[in-house]
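Try each task before you read its solution.

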Amino acid sequence: MGFQILKISPFPHCRSLIFNTSPLSRLPAKSAPSRIRRIHLRPSSSKPRINPSVSPSGFFPAFHRSKRSFRGGGVAMAAAPVQKSDEEWRAILSPEQFRILRQKGTEYPGTGAYDKFFGEGVYSCAGCGTPLYKSTTKFNSGCGWPAFYEGLPGAINCNPDPDGMRIEITCAACGGHLGHVFKGEGFQTPTDERHCVNSISLKFDPADSSK
């Protein structure tokens, strides 16, 4: 019994490998593996095979090949998990918060409270309160949603959408939907990433002016 690595996620936020667990001696040449499994790893500096991008309108994502790899970094302690039933979430979230955070909805562009807001502080998950982004990583992308070039270490998970077209970002603690992350769009930021986040998924905590 052996295994064959099939794919490594290009996103440092996505800690997973997909590998084949069928006996190597039984795999015919150039055949698709019959059994695959996924294991979770820490972020690596592996270069991506495909990078997602978005059209100038921000609505129609596309894909292109790139030699640029996603930025790595230290791994912080994982956020404490928050688990609630849909009934419990409905009791503490507004209907619109529930639609976006728990049902993976999207705000209409240009309508969110934080789209053009640039106060100093920390943005936390509106569902569970876990800190997600520093205000110093927010930038004006012109896309119609709040944009950040990186999240706090260990605070955000990345996973492909079911259709494989985009990479979804979620709160690592409660799994609340935040938006999507794009790479290689040419913004002059340290990571060349754009975390496109729904305002309603966030809660802003201003910096303590007394310090």
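**Exercise 1.** Which residues of the largest nonpolar core touch the most other members?

Solution. Keep in mind that the model is predicted.
- Step 1. Take the largest nonpolar core, which holds 24 residues.
- Step 2. Look for the members with the most partners: these are Leu132, Tyr133, Ile169 and Leu202.
- Step 3. Now list the elements that each supply at least two residues of this core: helix 2 (95-102), strand 6, strand 7, strand 10 (156-160), strand 11 (167-171), strand 12 (177-183) and strand 14.
- Step 4. Strand 11 gives the most, with three residues.

In soluble globular proteins, nonpolar side chains tend to be buried together.

**Exercise 2.** Find the order of the open sheet of three strands, and name its edge strands.

Solution. 
- Step 1. Read the order: 7-6-14, with antiparallel pairing.
- Step 2. Find the strands that pair on one side only. They are strand 7 (131-134) and strand 14 (202-206), the edge strands.
- Step 3. From one strand to the next, it averages 30°.
- Step 4. Zoom in on strand 6 (residues 121-125). Five bridges link strand 6 to strand 14 in the antiparallel sense.
- Step 5. Locate Ser124. Opposite it stands Lys203 in strand 14.

**Exercise 3.** Where does pLDDT stay under 50?

Solution. 
- Step 1. Start with the whole protein: mean pLDDT is 75, and 62% of residues reach 70 or more.
- Step 2. Check residues 1-9. pLDDT stays under 50 there, and the model has 33 contacts beyond four places in sequence for them.
- Step 3. Check residues 13-77. Here too pLDDT stays under 50, with 150 such contacts beyond four places in sequence.

Conventions
Residues are numbered from 1 along each chain as its sequence is written. This is a predicted model: local features need pLDDT of at least 70, side-chain atom pairs count only at pLDDT 80 or more; totals for chains, interfaces and linings use all residues. Side-chain values use heavy atoms; hydrogens and water are left out. Two strands pair if DSSP finds at least two bridges between them. Helices (H or I, at least four residues) and strands (E, at least two) are DSSP runs, numbered from the N terminus. Axes are lines fitted to C-alpha atoms, for helices over the stretch in contact, and angles run from 0 to 180 degrees between N-to-C directions. pLDDT is the predictor's confidence in each residue, from 0 to 100. Contact means heavy atoms within 4.5 Å. A nonpolar core is a set of buried Ala, Val, Leu, Ile, Met, Phe, Trp, Tyr and Cys residues joined through side-chain atoms within 4.5 Å. Buried means under 20% relative accessible area, exposed over 50%, partly exposed in between (1.4 Å probe, protein chains only).
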